[in-house]
Every structure is written in structure tokens, then in C-alpha cells.
Amino acid sequence: MNNKIHAKVVVIGSGPAGYSAAFRCADLGLDTILIERYNTLGGVCLNVGCIPSKTLLHIAKVIKEAKDLNQSGVFFSEPVIDLKKIKTWKENIIKQLANGLSHMRKKRKIRIFQGNAIFNTDKSIFVVNEKDKLTIFFDYAIIATGSKPIQISSIPNDDIRIWDSSDALSLKYIPNRFLIIGAGIIGLEMATIYSALGSNVDIIDRFNHFLPAVDKDISNIYIKSINNKFNLMLNTHIDKIELDQSGLIANLIQDGGDQKNIFYDAILVAIGRTPNINELGLDKIGLKINNFGFIEVNNQLKTNIPNIYAIGDVTGFPMLAHKGVHEGHIAAEVIAGNKHYFEPRVIPSIAYTEPEIAWVGLNEVQAKKENIDYATSIFPWSASGRAIASNCSTGMTKLIFNKNNNKIIGGSIVGTNAGELIGEIGLAIEMGCDAEDIALTIHAHPTLYESIGLSAEIFQGTATDVLN
């Protein structure tokens, strides 16, 4: 292998942000090299994150819906869980998507090198793997190395019974008693999966309000809906874990000093993620890291070194694949000479639980902090014909409007398929729609998404499906 190579652009990391940046660079005629430490493209999202979790969440949803049909007079026998077949099905989905990425990379004539990347200068980088060490010289570099789970130093090592999110998605086994530390999106999704597969799940979180970006009226509906599925304990943290031959004994402490020692077969640590930047040699080239530990970038995704860009999880919150994809496009277009900027008004977030929780734009707390004179408008799914007919009437669509101009500034949905419904609200905010724009857009009936139009009608006082 030639140990000195040159490219116009080097992209480090092949997750959604990285491969999107590399593919866009190639489409714009830029000679591009992609560096990936693992053997497959797609990063955490495709291989041990978004895609496998949604695969398993689909199974969980079908199991729930089958059980719920009992009250409609349709009865199924108890599901038989074949972990080996589920794993194979999951891996085949990952493989199919990874093969698609590999095919698109080859068609775009993007060179790829497997190994760990370490900056040598602001124009060169070492790539090191088990067999080779080469130097790549570049005009521009895009850092897209993603993130990894945060560890808790006080928790002992036990690869079989103490998991991170990748372990949980690998389906090692189905624990009878399962503790999840952290009631964020990852923790809630894993609880949804494992409770459907048969685990008795407890989730703990040290805060009194999980998903702080979600208003309490939304989260309260979710909490009511999961009462018979798994146990959510807020204001609770873990003091220590004792390793026992037959399992794990967790000492849980609630605010006020109440303590419990509870036996578990497995424990998942899901308290958040931290960027993969410590091994890149960024200090050697003087690349600036902000006070939160992320790479500092401007609205063109440039770092303090003008020819080096950063995108995706390494740039900070929200750490979402769809944010990284858009950042990757902008970085590539700026390198190609376009005066483009990453300036979204809003970025949607979704917890793919059952029911799903989706939100975009400002919540009430944020609107108050910004001194916006706002009003909320809520349509309960208990008044939705489609929700009642589909046995998913436990839900709510909530819109937030600026009272000064009636423009929509935020929205959230809790309910089945909320993640598919939130798109209209995001588009409305980006387009600067007011309540009338939404209310006078004819929504199909009966659908779940018409709850958005009805919420706007409620704000205007024109709704007839509910009392104004």
C-alpha cells in the first residue's frame, strides 16, 4: 500500500453524518476519501443504534397490538420468542442497508480506508490499523466520528450482566428482572423492547421530570400509558451494585433517603453519550473544544481551523442522526464553494416508544424563558375517530402559538405513530405558518394527523369536533 495519499476531502467516520458528507462531496465533484475504524459503513446508527432499535421496537409494537386486540374479540396465543431468529432478522436488515451504502460509495468512486485516524498536521492525517500505517494529505477534512455511551465509573465491570445500549441491542438474553439507569430516549426505548419480550423492567432517573424538552402534560400521558408495562422511578439514583453469582444487587436511593436493595439479572446504563474525539490528536493541531466537551463550529460547520469541519454528534446537542445528515450536506457544499449555512429553525426529536413521543420547536418552559406571549392548543385523541377505531385513543396533539402574530412556534404529540405525524408541525414552523394556514389546510378524515388541523381550529375557536 502506498503510504502517502492525497485527496481534496477526507471524511473521518461513516455514520449518517459522515457518509452523507462524503457522498455529497463526491456528487459535487470533489475527490473524497472516507476513513472508518470498523469494517462496515453506517456508524452507530445503522449497526448498533437507530436501525436495530427500530427493528426490535417494531416487534414490540406488534406484540402489544396483538394483545390489545383481545378486547376486540380477536385472540392470539402467547408469543414464542426465538432470540436466534430475531437476531438473524435484525442482522439481515443491517446487512441490507450496509450493502446499499457500500454500493453507493463504490458508484461514487469514494476511496475508503479502514483504521483509526489521528491528525498529524492541519493538512495531513495518519490512518492506523492492524496491518498498515499510512499518511493522507488533504485540502479539507470533515470530522464525523460520532459518540459513545457515557460510563459510570462506580459501576463494576461485568460484560455479561452490565450493559450499554449496544449490548442491549445485541439481544444477549432476555433478563427476568432488568434495571435501566437513565430515563432518556434510549432507556425508554429499551424498556419498551424488553418489557414486550418478557422482562420485568425498572427504570430509574435522578431527575423528577424525564425528557425535559417535553411539557409535563405530554409526559404525564406517557407515564399513565406505561404503568402496566414497566416501572418508572424518578428522583432515584444508584448508590452501588453488588455482584452475586446468581445476579446483581442494586442499592437504589430515592430523594429523601429511602433505600432499596433490589435483585436484577441485568442492568443497562443509558445515561447519555459523549463525543468520540479524544483519540484524534486534536490538541496537536490546536482545534478548539467548547466548555461542554464538543468541537466548536460556526454555522458553516467550520472549526477554528478554516479547512477542518465537524458534523454530527461531535458538535453537540441535539445528538441526532438527521441533524448530522443535514450538517454533512452543508459542510460539503461549503467546501465546494457554495455560500450555504446550517440554520434550521427547528430540529424534531422522537422517542420511538409505545406510545411514541415527538416534539419540535419551543415547549412552554422555553417560550416563558424567551418572554413570548404564547398560547397552547390541545386536541385529545379521545375525540379522534381514527384513534378510537385503532385502539390508540390515549394520546394528545399540542400546538404552541405566538399570540402576537398567531404563528406556530412549537408542537408535541404523544400517541401511536407520533414520529410520523410531527413532520407537518416542523414544516409549518419552518414555513412561518400561522394558525389559520394550518386550520384551513384540509386534513383527511379519519386520520391521526388531522389532530394537528383540529388543534389549530381549537386555537381559532372554529372547531366543531370538540367544544370551544
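Helix 3 (residues 50-68) packs on helix 6 at about 50°, and their axes are 9 Å apart. Axes here are lines fitted to C-alpha atoms over the stretch in contact, with angles from 0 to 180 degrees between N-to-C directions. Helices are DSSP runs (H or I, at least four residues), numbered from the N terminus.

This is a predicted model, so to speak: local features need pLDDT of at least 70 and side-chain atom pairs pLDDT 80 or more, while totals for chains, interfaces and linings use all residues. Residues are numbered from 1 along each chain as its sequence is written, and side-chain values use heavy atoms, without hydrogens or water.

Who touches whom? On the helix 3 side you'll find Ser 53, Lys 54, Leu 56, Leu 57, Ala 60 and Ile 63, meeting Glu 189, Met 190, Thr 192, Ile 193, Ala 196 and Leu 197 of helix 6; contact means heavy atoms within 4.5 Å.

Now for the core. The largest nonpolar core has 40 residues, and Ile 203 and Ile 357 have the most contacts inside it. Such a core is a set of buried Ala, Val, Leu, Ile, Met, Phe, Trp, Tyr and Cys residues joined through side-chain atoms within 4.5 Å, where buried means under 20% relative accessible area (1.4 Å probe, protein chains only). Helix 6 (residues 185-197) turns up again here, giving the most to this core with seven residues.

Conventions
Buried means under 20% relative accessible area, exposed over 50%, partly exposed in between (1.4 Å probe, protein chains only). Helices (H or I, at least four residues) and strands (E, at least two) are DSSP runs, numbered from the N terminus.
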